[in-house]
Structures are given as structure tokens and as C-alpha cells.
Amino acid sequence: MTRTSKARTALIIGGGIAGPVAAMALHHAGIEAAVYEAYDSTADGAGGAMTIAPNGQNALDAIGAGDLVRAIGTPVTAMGLRSWTGKHLAQFAPPSRLPSLQFAWRADLYRAIYDEAERRSVPIHHGKRLTGTTDTDSGVTAHFADGTQASADILIGADGIRSTVRPLIDPLAPQPNYAGLVCFGARMHQSGLPSTNGVMYMCFGKRAFFGYQVFDDSSAMWFVNLPHALPMTVAEAQAIGAKEWMRTLQTAFADDRTPALEMISRTDPSQLLTTGPMENMPRVPTWARGHMTLIGDAAHAASSSSGQGASIATESAVELARCLRDLPYDQAFRAYEQLRRPRVERIIKLGARTNSNKTAGPVGRVLRDLVMPAAMKLINPEKMAWQFDHHIDWNAKAAPLT
């Protein structure tokens with residue numbers, strides 16, 4: 001395969017959400033793609049909640065898959081910010097000309113995407129843990145722990161924040177850093193609380209951060225970002241046990257004048273999702289080498305505080321497919337990175353700023369709660385619209401690097 005050749009086949013490492021979306025986008029571009037996932041089985045039922053922003057929906061629409069989210073999602077019309085005292089700090093939403101954010105459980109989105117990938121005849125292979133690659137002039141070969149291998153013109157790492165592909169591209173690539181927060185969530189089938197009328201509330205608690213939304217049928221979801229000085233793995237957090245964590249969370253919100261304590265107390269410990277540490281990913285300096293490149297959290301992991309992780313991963317999958325459709329693979333990799341890096345790094349910076357507010361100390365809390373209402377009144381919503389009002393023109397021809 002020469003540098004002037006367009007890719008016709010692709011291996012995608014990682015079968016979460018970004019991987020199958022990338023495969024569908026590549027198929028839509030006329031490129032044969034297969035997904036290779038390390039785990040032996042699907043991740044049905046796993047994971048917490050997420051929002052798909054208007055820009056993420058737009059990216060899926062570009063490949064004819066936007067209805068997947070709208071079919072399983074619940075509209076989020078606005079985000080409301082409150083202090084631990086219950087004081088209203090701010091409320092914001094995408095401009096009314098854009099569609100609402102969609103709240104979805106990760107398990108539901110995962111299954112919808114897998115079903116659509118199957119409908120589109122996208123192969124997804126499980127039990128394929130990548131151990132290495134061989135990159136030659138003719139293409140790239142992936143080597144798996146079970147002794148098998150697969151070859152294609154290019155390889156795309158969609159294998160998350162702890163990517164195996166990333167250090168194969170750059171042995172000096174950074175690793176994620178602990179953000180000082182451990183994360184939890186739960187689904188309540190009957191909260192006993194009135195609907196929040198489409199508003200998802202974010203509460204800067206005295207000791208922890210609490211987010212929640214109550215739906216029209218009184219079902220609800222909540223999540224917590226709990227400051228925790230020492231880093232721990234997901235397995236270590238889960239080993240502590242739901243009952244012990246529930247006691248910890250009830251203590252953390254005991255003084256707050258928000259629905260946090262009531263909602264946590266009404267939640268059966270069996271419904272608690274311990275999703276583990278929140279991590280920040282330093283800037284990844286090298287996204288591509290040879291016949292390999294990165295997408296999603298492997299390249300640009302946004303904090304969950306940004307609400308944009310799945311959306312910008314979807315954008316990148318679609319933009320990469322568009323570039324590979326129109327350009328030789330090496331030019332496509334460079335054009336894709338030029339299109340994506342400034343935008344995703346700006347979003348990541350905003351998410352990191354939100355994380356710092358979540359871990360504020362006593363003095364920082366007072367200053368934040370005093371300053372935020374006035375500061376938010378001065379913000380023109382249109383100045384924040386760049387996050388959400390991002391359109392991918394699938395029919396536009398990708399241009400080489402300028």
C-alpha cells in the first residue's frame with residue numbers, strides 16, 4: 001500500500017461505543033471495517049448514564065444513525081446549577097434552534113449501536129486482546145493474545161483512555177491522571193419526587209458533587225462525584241461494597257439542602273453503580289504513525305464533567321471516515337487531526353475547569369457560589385453554542401492538510 005493509496009480496509013481496536021460507530025461510518029464511506037474487542041462477551045447492562053449533545057446527534061445523523069439516540073433517549077432541556085444550600089446558581093441550555101441533549105443509559109446506547117452495526121453487517125469479534133502490531137509498506141497486522149492475527153490497510157485505536165494502541169503509536173504517550181474524584185450513579189424506578197421538567201440539576205455539595213434528573217413517570221437517575229484523596233481502581237472501589245459506599249454518600253450529603261440525601265436514602269444498594277475513579281487524560285501529542293491512528297478517548301478523553309465524551313468521540317469517528325473516503329490514508333490522518341485537535345482540546349479544557357469546581361475547598365466553595373450567578377448572567381448563550389452547534393457535512397469533500 002503506497003502513501004498515495006486510499007484505505008479500503010480497516011481494523012478497529014475497541015468495541016465500546018466509538019469503535020462500532022467508526023466501523024459504521026467507514027462502511028458508509030465504502031471502506032470495509034471490522035471491530036476487535038478484548039473482552040470475551042458484550043458489555044450489555046454495564047455502565048452508567050450519559051448525555052448525547054446536539055453535536056453528537058448531528059454526527060450520527062451524518063451516517064444515518066441519529067434516530068438510534070432519539071429512540072432510547074430522554075430530552076434534557078436545560079442544566080441547572082445549585083449550591084449545597086439549595087441556592088440557584090445558574091441555568092443554561094443549547095440555543096433553542098438546536099435539538100435538546102438526550103439523556104441515555106450507556107447500556108441502552110451500547111445495545112442500540114451494536115444492533116445497528118449488526119444490521120449493517122459490521123463484523124465485531126470478541127476475545128481479541130491486542131498484544132502488538134506489525135506495520136509494513138503494504139499495511140498493518142494486528143496480533144492478538146489468542147494467537148490469531150488480522151491484517152488491513154489501516155488500524156484505528158478506539159480502545160479508550162487506557163488504550164493499547166496509543167503506546168504502539170508513541171511509546172512515550174502519556175497515561176491518564178487521577179482527577180481526585182470517585183464516581184457513582186443509580187437508576188430509581190420510583191423516586192417519589194416530582195418531575196424536574198426536563199432539567200438536569202448539578203449540585204455543588206458541601207462535601208461532594210450531586211447530579212440528578214426526575215422524569216415524568218417519577219423514575220429518576222442520580223450520580224455523585226466524591227472527592228477522594230487516594231487514587232483507586234474500579235475493582236478496588238467496587239470491592240468496598242455498595243452498602244459501605246451508600247453510608248459514605250449519605251454522610252457526604254447529610255448537611256446539604258438538596259434532594260441528594262433523600263434520593264440516596266431511597267435507593268436500594270443493589271442499584272448502585274460504582275463506576276470508579278474520574279481520570280484526566282493529558283494532551284496526546286501523537287495521534288498517528290504509519291498505518292495507525294486514534295479516535296475517541298484513546299486520543300482525546302474528555303472528563304465526564306464536560307458531558308461531551310461520547311459526542312466528540314462520535315464526531316471524530318465520522319470525520320476520520322470522511323477523510324479516509326476522500327484522501328490517501330496518510331493525508332487523511334493529518335487532515336483528520338487538523339480538523340479535530342483544536343476543538344476537542346478546547347472542550348477538554350472546559351471539563352477540567354468544571355472538575356476543579358467540584359473539588360473546591362471551604363473558601364473556594366464560598367467564592368464559587370458568590371461569583372457564579374453574576375458571571376453566568378454576563379455570558380451570552382451564543383458564545384457557548386460552539387460546543388453544540390457543530391455540523392459535519394458528510395457530502396463535502398475532505399481537503400488535504402493546509
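**Figure 1. Surface and overall build of the protein.** The protein exposes about 17,100 Å², and carbon and sulfur atoms supply 54% of that area. Accessible areas come from the Shrake-Rupley method with a 1.4 Å probe, and for residues only the protein chains shown count as cover. This is a predicted model, in which local features need pLDDT of at least 70 and side-chain atom pairs count only at pLDDT 80 or more, while totals for chains, interfaces and linings use all residues. Residues are numbered from 1 along each chain as its sequence is written, and side-chain values use heavy atoms, with hydrogens and water left out. The secondary structure comes to 13 helices and 19 strands; these are DSSP runs numbered from the N terminus, helices being H or I of at least four residues and strands E of at least two. The radius of gyration is 21 Å, close to the 21 Å that the globule rule gives for 402 residues, so the protein is as compact as a globular protein of that length. This radius is taken over C-alpha atoms, and the rule is 2.2 Å times the number of residues to the power 0.38. Along the principal axes, the C-alpha atoms fill a box of roughly 65 × 45 × 40 Å.

**Figure 2. Helix 1 and its buried residues.** Of the 402 residues of the protein, 53% count as buried (under 20% relative accessible area; exposed is over 50%, and partly exposed is in between, with a 1.4 Å probe and protein chains only). In helix 1 (residues 18-28), 9 of the 11 residues are buried, so this helix is largely enclosed by the rest of the structure. Among the buried residues are Ala18, Pro20, Val21, Met24 and Leu26. Just after helix 1, Gly30 takes a positive phi of about 85°.

Figure 3. The structure holds 20 salt bridges, each a side-chain nitrogen of Lys or Arg within 4 Å of a carboxyl oxygen of Asp or Glu. In one of them, the side chains of Asp146 and Lys128 meet at 2.7 Å, N to O. Asp146 lies in the loop between strand 10 (139-144) and strand 11 (149-152), and Lys128 in the loop between strand 8 (124-125) and strand 9 (130-136), so the pair ties together parts that are 18 residues apart in sequence. Asp146 is partly exposed at 42% relative accessible area, whereas Lys128 is buried at 16%.

Figure 4. Glu244 and Arg247 form a salt bridge, with the closest N and O atoms 2.8 Å apart. These two residues are 3 apart in helix 7 (residues 242-252), about one helical turn. Glu244 is partly exposed at 35%, and Arg247 is partly exposed at 47%. In helix 11 (residues 329-358), Arg341 and Glu337 lie 4 residues apart, about one turn, and their salt bridge has its closest N and O atoms 2.8 Å apart. Arg341 is buried, with a relative accessible area of 8%. A network of salt bridges links Arg283, Glu337, Arg341 and Glu345.

**Figure 5. Asp170 and its surroundings.** Asp170 sits in the loop between helix 5 (165-169) and strand 13 (177-188). Its relative accessible area is 13%, and Asp170 is therefore buried. Leaving aside neighbours within four places in sequence, Asp170 is in contact with Pro285 and Thr286 (contact means heavy atoms within 4.5 Å). Asp170 and Arg289 are 119 residues apart in sequence but 7.8 Å apart in space, C-alpha to C-alpha.
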